[in-house]
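Subject: Structure handover

Hi,

Here is the structure I promised to pass on. Please load it first, then read the notes below it.

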Amino acid sequence: MTSPFQLYINGQFEDGAAQFDSINPATGQVWAKMPEARTDEVNRAVAAASQALKDSAWADLTASQRGKLLYKLADLIERSAPELALFETQDTGKIIRETSSQIAYVAEYYRYYAGVADKLEGRYLPIDKPDMLAWTIREPVGVVAAIVPWNSQLFLSAVKVGPALAAGCSVVLKASEEGPAPLLAFARLVHEAGFPAGVVNVITGFAAECGAVLTCHPDVAHVAFTGGPETAQHIVRNSAENLAKVSLELGGKSPFIVFADADLQSAVNAQVAAIFAATGQSCVAGSRLLVEESIKDEFVQRLVQRVQSIKIGLPEDMATEFGPLCTLRQRQKIEQIVASSIQQGAKLLTGGESIDRAGYYYPPTILDCSDATQADCVMNELFGPVLSVVSFKTELEAIHTANNTAYGLAAGVFTTNLSRAHRMTKAIQSGIVWLNTYRAVSPLAPFGGHGLSGHGREGGFEAVFDYTTTKTVWLRTSDQPIDDPFIMR
Ligand code: NAD
């Protein structure tokens with residue numbers, strides 16, 4: 001099988017050290033061959049990125065010229081969104097309804113950072129010395145290693161590549177080995193947009209021979225990572241080798257809290273989206289429903305009824321609402337956690353058994369954990385379509401339960417009581433709080449968490465500062481000679 005997918009290093013497309021099979025999760029069959037980067041390819045990609053920082057073709061561009069290249073890339077993404085969406089759907093099983101709308105919106109992230117490029121101003125410092133001037137300049141931090149997981153790769157890379165290029169950095173973007181097709185296709189758009197060779201390199205490969213080599217590389221200045229907490233620990237350890245800056249966007253176990261005064265129909269729909277969109281494979285999945293006891297039975301009944309009508313099908317079909325998981329390993333992990341949670345006292349309300357058809361399908365599943373509040377499904381990120389339900393009696397109890405997690409990425413609160421909404425926002429420990437909504441994202445809005453969910457913020461203006469370093473410049477204005485070398489002035 002010849003493959004249209006290639007690595008992109010130093011402005012050239014190449015086949016890589018070897019090829020590996022990529023499986024379509026809807027069929028369980030190989031659908032394409034992917035190029036594998038190993039040590040040599042990683043080293044050449046970093047060398048190309050380092051050289052690009054010195055070459056005038058990139059280094060001497062004005063900030064507005066960098067912005068123009070990013071605008072062009074955004075237009076090309078918009079034009080190619082249907083093709084990129086189909087690649088993501090075939091390679092990861094994410095349904096076409098979601099990939100097409102998400103990828104069309106990815107263009108807006110590049111447009112936002114195109115606009116940021118020429119707004120990275122330094123500061124004039126009103127310095128405390130009469131015969132000196134001092135000011136700061138923001139410079140690119142250097143070579144950025146951007147590493148993403150398999151879900152939403154174009155989106156998760158846009159929040160790294162966009163600000164990095166706006167700041168004048170160069171990038172080695174590592175696509176996940178589980179579904180790299182959309183990013184390898186994105187490399188063609190980078191090429192078409194006219195970025196100088198080496199400014200953006202796109203590779204894929206496995207943990208040890210690609211990811212670890214990249215993150216330990218002495219010429220990498222910043223590692224922008226999205227993925228699981230265990231991989232993040234490896235990356236932080238690797239950063240002891242090169243002392244690279246590291247930013248981490250990791251998983252979550254986000255609470256979705258419904259008070260009795262909420263608009264219940266909106267809350268039901270939002271809860272379905274919160275946990276079952278992307279087949280539950282979303283870092284911000286609202287995987288813990290905390291519902292006020294007085295409405296629990298009614299709310300859960302409405303939820304189960306809605307969930308049982310979700311259309312499960314082939315991801316390429318526009319009518320499908322729910323597709324397969326990305327990998328067999330992922331399905332096996334979910335099966336195990338659901339089984340152990342039931343043993344620990346969780347009651348199965350719907351789903352709970354792998355679907356008997358080709359591919360890696362697992363149904364939307366709801367477990368009542370009111371008598372098993374410490375069950376595995378309540379405490380751990382499954383990264384799948386499993387919702388744990390826990391009830392609460394008071395606002396204080398809701399806060400306590402919401403914060404009883406090692407993660408801290410997102411939270412949803414449904415209430416019509418404005419004062420309570422503010423109190424909850426303050427009390428909940430998470431990087432994002434959605435009030436009477438869920439999953440809203442925008443290039444303008446910072447995104448990230450704390451604890452096991454990582455640190456750093458992507459999106460929004462401040463994110464670009466992660467990719468800059470500050471240079472302070474001093475100018476002595478006095479005409480008098482410097483007389484005493486042993487006095488600090
Ligand atoms: P993962 O951590 O296994 O892999 C992520 C990336 O890291 C892949 O490209 C992989 O090849 C690479 N990698 C693996 N080992 C490495 C190593 N030793 N050194 C360097 N790179 C290495 O994650 P996954 O299973 O692909 O994705 C699921 C996880 O990602 C979940 O925990 C999910 O919550 C998280 N996630 C977080 C966000 C967010 O924005 N916070 C978004 C999506 C997914």
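Start with the seven-stranded sheet. It is open, with mixed pairing, and the strand order is β14-β15-β16-β13-β12-β17-β18. At its edges stand β14 (347-350) and β18 (432-435). Each has a single partner strand, so one side of each has no neighbour in the sheet. From one strand to the next, the twist averages 25°. Bear in mind that this is a predicted model.

β15 (residues 365-368) runs parallel to β16 (residues 386-392), and four bridges join them. I366 has L387 of β16 as its bridge partner. Helix α11 (residues 328-343) lies across β14, β15 and β16. Its direction is at about 25° to β15.

There is also a three-stranded sheet. This one is open too, in the order β5-β6-β20, and its pairing is antiparallel. The edge strands are β5 (124-125) and β20 (468-476), each pairing on one side only. Two bridges hold the antiparallel pair of β5 and β6 (residues 132-140).

Next, a helix pair. For orientation, two packed helices are described by the angle between their axes and the distance between the axes. Helix α3 (residues 63-92) packs on helix α6 (residues 181-193) at an angle of about 155°, with axes 9 Å apart. Angles over 145 degrees count as roughly antiparallel, so α3 is roughly antiparallel to α6. Their crossing is right-handed.

Which residues of α3 and α6 make the contact? From α3, they include L69, L73, L76, I77, L84 and F87, along with charged K72, R79, E83, E88 and D91. From α6, they include A181, P182, A185, F186, L189 and V190, with R188 and E192 also taking part. By class, the contact has 13 nonpolar, one polar and seven charged residues.

Last, the aromatics. How many aromatic pairs does a search of the whole structure find? The count is 16. One of them is W58 with F195. Their ring centres are 6.1 Å apart and the planes meet at 55°, so the pair is tilted. W58 sits in helix α2 (residues 56-59), while F195 is in the loop between α6 and β9 (200-204). The pair therefore ties together parts that are 137 residues apart in sequence.

Over to you.

Note on methods. Residues are numbered from 1 along each chain as its sequence is written. This is a predicted model: local features need pLDDT of at least 70, side-chain atom pairs count only at pLDDT 80 or more; totals for chains, interfaces and linings use all residues. Side-chain values use heavy atoms; hydrogens and water are left out. Axes are lines fitted to C-alpha atoms, for helices over the stretch in contact, and angles run from 0 to 180 degrees between N-to-C directions. Angles under 35 degrees count as roughly parallel, over 145 as roughly antiparallel, 65 to 115 as roughly perpendicular and the rest as oblique. A crossing is left-handed if the near helix is turned anticlockwise from the far one by less than a right angle, and right-handed if clockwise. Contact means heavy atoms within 4.5 Å. Two strands pair if DSSP finds at least two bridges between them. Rings of Phe, Tyr and Trp (its six-membered ring) pair if their centres lie within 6.5 Å; planes under 30 degrees apart count as stacked, over 60 as edge-to-face and the rest as tilted.
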